[in-house]
Amino acid sequence: MAKAVKKRKDAVSEKLGRKAYEEELKRLHVELVKLQQWVVEKGLKVCIVFEGRDGAGKGGTIKALTERVSPRVFRVVALPAPTEREKSQIYAQRYLTHLPAAGEVVIFDRSWYNRAGVERVMGFCSEAQARKFLTVVPLLERMMVDSGIILIKYWLEVSAEEQTRRLQDRINDGRKLWKLSPMDIKSYTRWDDYTRARDEMFAASDSSWAPWYMARSEDKRKARLNIISHLLQQIPYKDISQQSKVTLPKRGKIGKYKAASYPFKMVAERF
């Protein structure tokens, strides 16, 4: 029994190789294109929420999800801190304007759940405001779903040790410094507070019409594949690409028009 448990743990901890990852991601991208065509054809309204620990891999997952589909259909919303005007509005008002219309998939890189997480933990709202939000949010999401929106919520979870490694990597890698905000540094010392806030958020907003799905993100590649695979299972779709197969027409003769000798400002070919 002990050997079987150890074998399962080793299988879970084994990192997924780049080649295997890219092959599977390519296959999933083909399916996402089929889903995209179905969403447009049927006028579906899809809203995907990504929440999770700092450094859990939300941005990388969203990039993997959207890199081969149309930005006109798959739209990513990553709102900055609210302005003074937005602070005076009813909470969630600034998010509602970004909800999908027919034929759209909107992906929130953090969402209205900021109030249940960073705002609550870091003191940007009162405890009463946070609790009021947790009371109201299931009703808000019921309204979304009743209006025809397919609402899918993901939480990416990562261990404290792996979070430390990733945040340190951002500090040491000039390409990733932009990912590290002052709030990430302040939040780093509040692990247990965020855990408590997460658990209370789940308890209040994990509804039958808008359930939470948690993805383990110790291995970013596995997490991306698992989430995309899961997403494809949440929206029944059909391959409609074969209904109108595209063939290139005859180009016609080239050379009837002679290009002008224009003094183009050429990009230097340094590579």
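Trainee: What is the order of the five strands in the open sheet, and is their pairing parallel or antiparallel?

Mentor: The model is predicted, so local features need pLDDT of at least 70 and side-chain atom pairs count only at pLDDT 80 or more, while totals for chains, interfaces and linings use all residues. Residues are numbered from 1 along each chain as its sequence is written, and side-chain values use heavy atoms, with hydrogens and water left out.

The order in the open sheet is S2-S3-S1-S4-S5, and the pairing is parallel. Strands here are DSSP runs of E with at least two residues, helices are runs of H or I with at least four, and both are numbered from the N terminus. Two strands pair if DSSP finds at least two bridges between them. Strand S2 (74-77) and strand S5 (212-216) are at the edges with a single partner strand each, so one side of each has no neighbour in the sheet. On average, neighbouring strands are turned by 20 degrees against each other, direction ignored.

S2 pairs with strand S3 (residues 104-109) in the parallel sense over four bridges. Within this pair, Val 76 stands opposite Ile 107, and Val 77 has Phe 108 as its bridge partner. S3 is also joined to S1 by six bridges, again running parallel; there Phe 50 stands opposite Asp 109 of S3. In a regular strand, side chains alternate between the two faces of the sheet.

Next comes the helix on the sheet. H3 packs there, touching strand S1 (45-52), S2, S3 and strand S4 (149-157), where contact means heavy atoms within 4.5 Å. The direction of H3 makes about 150 degrees with that of S1. Axes are lines fitted to C-alpha atoms, for helices over the stretch in contact, and angles run from 0 to 180 degrees between N-to-C directions.

H3 (residues 58-66) also meets helix H11 (residues 220-234): their axes come within 10 Å and cross at roughly 55 degrees. That makes H3 oblique to H11, since angles under 35 degrees count as roughly parallel, over 145 as roughly antiparallel, 65 to 115 as roughly perpendicular and the rest as oblique. Gly 60, Thr 61, Ala 64 and Leu 65 of H3 touch Arg 224, Ile 227, Ile 228 and Leu 231 of H11.
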